[in-house]
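I opened my notebook for this one with a simple plan: look at how the chains meet, then at a few pairings inside them. Here is what I looked up, entry by entry.

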Amino acid sequence: MIAVAPTSDRFLEVAPLQLRDWFIGLLPQSLRWITSGLITVVAILAVFGLLFAYLTLAERKILGRVQNRPGPNRTGWFGLLQPFADGVKALTKEDVVPRDADQVLHYLAPVVLVALSLLGFAVLPFGRHLVPVELDAAVLYFFAAGAATELAVFMAGWASRNKYSLLAAMRALAQLISYELPLLLSFVPVVMLAGTLSTTEIVTAQGGWTGGWIPHWYVLTPWGFAGFVIFMIAALAESNRSPFDLPEAESELIAGHLTEYSGFKYALFFMAEYFGMCALSGMAVTLFLGGWQAPCAWLEFIPSYAWFAGKLLVLLLGFMWIRATLPRLRMDQLTRLAWKFLVPLALINLGTAAFWSLTAGWTGPLQLVRWAVALALVVTPFVVMGRRLTAGVAPRTYRYAAS
Amino acid sequence: MSVSDLTPLSAPGGSTVRAVHDEFHGDLLEVSMGPHHPSTHGVFRMIVTLDGETIVKLKPVFGYLHRNHEKLGENTTYLASMPYTDRLDYLNSMTNNWAYAVAVEKLAGLAVPERAEYVRVILAELTRLLNHSCLAGFLMQDCGCSGTPLMYAFREREKILDLFESLSGSRMMCNYQRFGGCRVDPSADWLAGAQRLTDGYGAFLDEFEALLTGNEILMARTQGVGRLSSALAISAGVTGPALRATGVAHDLRKVDGYGVYPRFDFRVPLGDHGDTYDRYMIRILEMRESLKILSQALAGLPGGPIMDPKAKLRGFRPKAGEAYGRIEGPKGEIGFYLISDGSANPYRYRVRPPSFINLTILEDMCLGRTVADAVIILGSVDIVLGEVDR
């Protein structure tokens with residue numbers, strides 16, 4: 001079965017698909033199905049592989065600029081060849097494997113990690129017609145695949161036979177258990193309101209504009225905004241990014257599960273981290289930021305995949321900005337944040353979304369009441385639980401010695 | 001390793017938390033953190049015994065940087081030891097120099113011209129700014145910031161090092177103080193540069209504090225972590241910001257009133273909790289007081305000679321006797337104890353290193369905390385291994 005490019009849309013929207021169809025048309029009938037699938041896989045690998053390469057450069061550049069230094073600028077103009085130099089270096093370095101390590105698991109961990117972190121891309125709607133795989137339960141599939149990546153981190157930590165790595169493995173599991181729940185709970189309201197688990201239909205449900213200017217993205221509703229923030233915090237933890245980079249924790253566990261990895265295997269871990277970050281950001285865009293939808297009606301002339309890419313990049317830059325700013329949490333604080341703050345908030349958010357869904361028919365002044373109630377349902381628990389979370393922690397005033 | 005292998009470290013007044021070996025507690029894990037570890041501030045090693053991630057025993061190991069400093073001091077002339085003191089606490093060569101000069105001046109009964117005293121205060125306070133900025137930056141690095149606060153601190157440190165370089169010829173190994181004064185007289189340009197730095201430093205502190213001091217993650221990570229009681233701090237001989245963070249008003253600049261410090265108007269900030277956050281904040285507040293001292297000293301700098309004209313550099317042989325000279329270094333009381341037998345070399349040369357003595361209470365602060373805490377507690381004690389190991 002080969003999906004054929006629709007002909008009803010503007011040229012730029014369908015151009016990638018038409019190119020694929022033209023190429024497949026050159027092949028004999030028996031090869032067409034498998035080639036069609038392979039082209040999708042290759043396209044994802046190429047686009048996100050290249051994105052990974054330049055995200056590392058962007059991260060180093062941004063971190064550098066934040067810290068009053070130029071960042072890499074020697075390899076090619078503006079350091080643009082740096083990712084390739086890094087790749088060559090990683091490939092040509094000696095691959096050191098500890099003698100006591102579990103040879104099989106130690107080898108498998110980076111491979112499994114990259115493979116699993118790529119799975120999520122299969123169901124992301126990159127554009128109006130660009131969905132690699134149409135699944136009815138796409139969202140469920142995505143998070144199942146995403147949760148499995150943490151297992152690979154545990155494999156790496158366990159197999160290295162290093163005490164730091166072992167501690168990192170313990171931390172990775174605790175983090176997985178803690179943050180999977182808020183991550184899943186945060187998007188349930190979206191599923192509730194859209195009435196579907198299919199990513200394509202969730203994006204379609206967010207289509208349209210009020211007055212041609214205000215998009216119907218879920219992030220612009222009280223429950224959607226709360227869900228988005230919870231989702232992004234949990235996504236930071238899921239992708240082991242600062243301030244939740246506890247398994248890696250350079251200043252405590254040296255590099256945690258990465259301590260005993262070198263050469264290209266080490267690079268693979270970073271590849272997986274960036275893939276995971278891209279996939280989760282892509283899912284956040286799909287669930288809350290209207291996917292490939294343009295923000296205003298008159299901006300629709302820009303192809304949908306460009307909008308998706310733009311929103312994705314904004315979220316990724318947010319990840320980098322956070323990394324450049326915040327200190328790391330401790331393990332008990334990390335779990336407390338998840339169980340005592342994010343999970344209850346996400347549960348309450350379910351109720352808010354239910355209220356929102358039930359009052360969809362309210363018009364006129366009732367609409368104001370709807371907004372006020374929903375906002376109160378979001379803000380009140382946030383403030384109350386935020387106070388409890390940071391109880392006992394406050395800026396202090398200091399006295400001076402009497403002289 | 002079983003629990004029975006764990007010998008309790010019976011420090012005076014301190015008790016060792018011992019893991020209970022029951023079905024809920026598995027085996028203990030012994031991790032050797034360091035000497036190759038990014039957060040041990042040099043070649044320091046902590047052998048930590050962990051129950052999960054909780055520390056039940058911590059054994060500091062050091063000496064990897066031992067250079068026979070004190071024995072070298074006994075085998076060289078008084079003046080030849082001066083550049084060696086640079087290498088003790090290699091961040092703060094100016095205050096090391098000064099403490100050594102104070103000891104020798106006491107021994108030989110040398111007077112110091114007023115201008116030199118002022119210049120010494122200016123350089124000591126610049127050193128305090130440098131040390132505290134770096135400490136705050138490194139502490140944030142240990143907390144898991146990706147280098148941003150450290151780089152901000154280093155940007156300011158560079159400016160101070162530039163001043164040191166243009167005055168003494170060296171950025172870190174200044175070798176600047178002499179017995180009875182200072183080596184070179186600062187020019188008007190240099191003093192203007194120091195004034196510019198003093199005027200601009202407050203803005204850096206504001207920026208640094210805006211980024212960090214009120215940050216919830218930082219407060220949660222540091223408040224209540226690594227508590228040190230004032231009783232333990234006093235009995236262990238802890239000095240400097242770590243002592244003042246426990247609420248003990250002991251600042252040699254006030255207590256001894258050495259040099260021309262009594263002429264300046266400054267306050268001594270005190271903490272109430274003795275935890276990591278207090279140790280961090282005391283340093284930030286001390287930097288603000290240092291700025292006050294700096295602007296007063298720069299404004300009131302008198303003219304005159306920079307060296308005591310009667311001081312002898314060559315053939316320097318103090319009469320037989322002993323002397324202990326100490327000043328308030330950025331890390332605490334840095335002191336030199338010298339015994340002279342009338343020859344060109346000291347008979348006994350002994351350093352009181354604040355880093356080393358402040359490090360002795362590390363286990364007491366770390367027991368019952370996690371690995372992540374141990375790293376920032378060590379960071380907040382502020383050690384330099386060059387001074388610990390000597």
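I began with strand 3 of chain A, which pairs with strand 6 (residues 269-270) of chain B in the antiparallel sense over two bridges. I took strands (E, at least two residues) and helices (H or I, at least four) as DSSP runs numbered from the N terminus, and called two strands paired if DSSP finds at least two bridges between them. A:Y400 has B:P269 in strand 6 of chain B as its bridge partner.

**Ground rules.** I am working with a predicted model, where local features need pLDDT of at least 70, side-chain atom pairs count only at pLDDT 80 or more, and totals for chains, interfaces and linings use all residues. Residues are numbered from 1 along each chain as its sequence is written, chains are lettered from A and ligands numbered from 1 in the order in which they are written, and side-chain values use heavy atoms, with hydrogens and water left out.

**The interface.** How many residues does each chain give to the contact? I noted 35 residues from chain A and 58 residues from chain B, with contact meaning heavy atoms within 4.5 Å. Between them the two chains bury about 4,000 Å², 57% of it on carbon and sulfur atoms; buried area is the accessible area (1.4 Å probe) that two parts lose on being put together, summed over both. In chain A, the residues that lose the most area to chain B are A:R396, A:Y398 and A:Y400, together 18% of what that side buries.

I then counted 18 residue pairs in polar contact between chain A and chain B, both residues at pLDDT 80 or more. Such a contact is a pair of N or O atoms within 3.5 Å; within protein, one must be able to donate a hydrogen and the other to accept it, and residues adjacent in sequence count only if both atoms are side-chain atoms. On the side of chain A that touches chain B, helix 6 of chain A gives the largest share, five residues. By class, I have that side down as 17 nonpolar, eight polar and ten charged residues. Here Ala, Val, Leu, Ile, Met, Phe, Trp, Tyr, Cys and Pro count as nonpolar, Asp, Glu, Lys and Arg as charged, and the others, Gly among them, as polar.

**Salt bridges.** I found five between chain A and chain B, using a side-chain nitrogen of Lys or Arg within 4 Å of a carboxyl oxygen of Asp or Glu. One joins B:E53 to A:R171, with the closest N and O atoms 2.5 Å apart. Over all chains the count is 44. I also looked at B:K331 and B:D89, whose side chains meet at 3.1 Å, N to O. This pair links distant parts of the chain, 242 residues apart.

**Hairpins in chain B.** Strand 2 (residues 45-51) and strand 3 (residues 54-61) of chain B run antiparallel, joined by seven bridges. B:M46 stands opposite B:P60. Two residues lie between these strands, and B:G52 in the turn has a positive phi of about 70°. Next I checked strand 8 and strand 9 of chain B, a hairpin with five residues between the strands; B:G342 in its turn has a positive phi of about 90°.
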